[in-house]
Amino acid sequence: MMDKPWHKYLIFGLYCVAIYFPVFLHLDWQLMNNWDESLFAMRAAYMSEEGHYLRDYSLWVDGGMLHRSTKPPFTTWLQVLSFKAFGINELALRLPIALCTLGLTMLFPWFSRKKLGSVNLGYCAGFVLVTSLGFVREHGSRTGDQDAALAFYMLAGAMAFYNYLDATEQRKRHGWLAVFTITTIAAVMTKYAFGLLFFPAFLIYAIYKKQLWSLLKRGTTWLALLAVVVSLGGWLAYIEHQLPGFVEQAFHHEMTDRYSTAYAGHDHPFNYYFLRFWEDNYFMPWLLLLPVPLFLLFSKQRSSLRDFSLLMFLCVVLELLVISFSKTKTDHYDMVIYPPMAMLAGVGLYQLGLAARQLWQEKSLRPVALAAAIFTTILLFVMPYRAIIKRVYKPEARDRTMAYGYLLQKIQEKQPDFKQFTILSAVYNGQVDYYAGLLKRKKGYKIKLSEHPKLVEVGDTVIACEPQMLDTLKVRYELNIIETEGRCILAIATGKKEAIFENGELRIESGSGK
């Protein structure tokens with residue numbers, strides 16, 4: 001009965017509804033993040049506005065601090081297309097990343113139906129992914145950062161590699177090699193060598209399949225490698241010609257320095273990523289299902305499910321080892337392993353469903369099966385989905401690192417007449433630079449960026465959020481507060497205060513304002 005066509009469409013429709021909310025709900029509600037989303041936003045916006053698609057942004061806004069992104073531009077080009085179609089805004093920046101996440105959730109059932117014998121296994125994997133708190137979050141699938149897109153390219157590449165080794169017809173083999181080459185180019189043109197971190201797993205899997213030597217003998221293998229090298233090398237050569245020293249900076253900042261040196265705030269122990277899976281609930285409760293596919297690896301019977309589980313296992317373990325040995329461990333280095341882990345947990349969830357179905361066929365055991373089904377549904381479906389919806393519906397508290405953006409948003413809504421002011425910021429703040437440039441370019445604001453509150457003149461309108469800036473302003477100036485948001489203020493300096501020393505102590509008095 002379940003093989004009727006309308007049942008298949010119903011299940012697919014329910015699956016689409018289930019993945020829609022974690023992926024797309026309130027995608028534009030949160031402002032641009034300071035790191036690293038605002039950098040990608042300025043880069044894509046600069047390309048969109050200036051028409052320089054092979055160059056990085058230089059100065060999106062006059063007076064902004066130069067913090068050039070050294071990453072390759074492939075995914076940025078997708079965001080540029082989105083800006084061209086929908087305007088420069090939060091939704092347009094994040095939509096290509098969300099679509100890549102959608103692509104992941106479609107790859108799972110497609111591959112499972114074609115190669116693993118059951119589309120339902122793919123549905124299980126997709127559900128696991130969109131209910132994984134480690135993946136559906138900031139700097140993941142919910143923002144304009146590019147790690148979720150990279151995860152899509154790398155998983156698609158892994159599936160293409162599996163199909164390439166599995167193909168027996170030359171035409172199909174060439175087709176899958178072409179797909180593998182394209183996805184590899186997309187990966188390295190998004191994040192350099194990081195996009196190649198599944199390759200050790202591919203090498204070991206090829207040895208397991210006894211095909212390594214035949215791969216090395218094929219001319220098409222080296223042609224594919226040449227295409228990857230030419231794509232990345234050609235872009236690097238061009239950008240080095242435009243910006244001398246770029247290659248050295250990129251190689252140092254993106255690879256060698258990060259791997260050998262612990263950046264401030266990112267010095268974590270070796271087991272940092274492992275612990276987050278359960279201590280921070282980044283992959284719970286799905287972590288409990290991983291023993292099921294691991295058990296399959298020790299099965300004597302060869303099968304597509306066993307082989308692909310092995311490939312996914314190798315991708316996860318080897319990637320985790322590489323990033324765990326890195327001295328710098330950022331919050332998002334593990335993003336690309338969540339899709340392979342979701343595939344493995346999906347296998348476990350699917351096998352659990354098959355066991356429950358067999359249990360139900362025994363009439364005497366149906367009460368037990370029903371109780372187990374209710375418990376499992378609450379534990380593995382209701383609770384994870386509830387947790388993810390709570391996260392994406394709306395943030396419970398505003399992020400203090402985005403205070404400038406909140407105030408600028410409020411000024412546009414409640415103080416539309418104030419379009420000329422100075423933003424005071426002593427440290428690099430990508431969100432300030434992005435929104436200041438956007439307001440100047442698109443809405444006619446006259447905004448000056450400054451690190452020096454002592455240069456404020458009487459009559460100037462200023463924005464400040466940082467404690468040192470606020471303290472200096474309050475000590476030196478009489479302020480007429482126009483608008484506030486948290487600790488941030490929009491104020492007019494109406495007069496200067498005079499500093500008078502009496503008995504060695506500083507006393508502030510109101511001055512004439514001259």
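How exposed is glutamate 49, in relative accessible area? Glutamate 49 is partly exposed, at 32%. Here, buried means under 20% relative accessible area, exposed means over 50%, and partly exposed lies in between (1.4 Å probe, protein chains only).

This is a predicted model, in which local features need pLDDT of at least 70, side-chain atom pairs count only at pLDDT 80 or more, and totals for chains, interfaces and linings use all residues. Residues are numbered from 1 along each chain as its sequence is written, and side-chain values use heavy atoms, with hydrogens and water left out.

**Salt bridges**

The whole structure holds 12 salt bridges. A salt bridge is a side-chain nitrogen of Lys or Arg within 4 Å of a carboxyl oxygen of Asp or Glu. The table lists some of them.

| Pair | N to O distance |
|---|---|
| Lysine 442 and glutamate 49 | 2.8 Å |
| Lysine 191 and aspartate 147 | 2.8 Å |
| Arginine 276 and aspartate 334 | 2.8 Å |

**Where the pairs sit**

Helices (H or I, at least four residues) are DSSP runs, numbered from the N terminus.

Glutamate 49 bridges to lysine 442. Lysine 442 is in helix α18 (residues 430-443) and glutamate 49 is in helix α2 (residues 37-50), so their pair ties together parts 393 residues apart in sequence. Lysine 442 is partly exposed, at 49% relative accessible area.

Lysine 191 pairs with aspartate 147. Lysine 191 belongs to helix α7 (residues 170-191) and aspartate 147 to helix α6 (residues 147-166), 44 residues apart. Both residues are buried.

Arginine 276 bridges to aspartate 334. Both are buried. Shared partners join Arg137, Arg276, Asp331 and Asp334 into one salt-bridge network.

Definitions and conventions:
Helix = DSSP H or I, 4+ residues; strand = E, 2+ residues; numbered from the N terminus.
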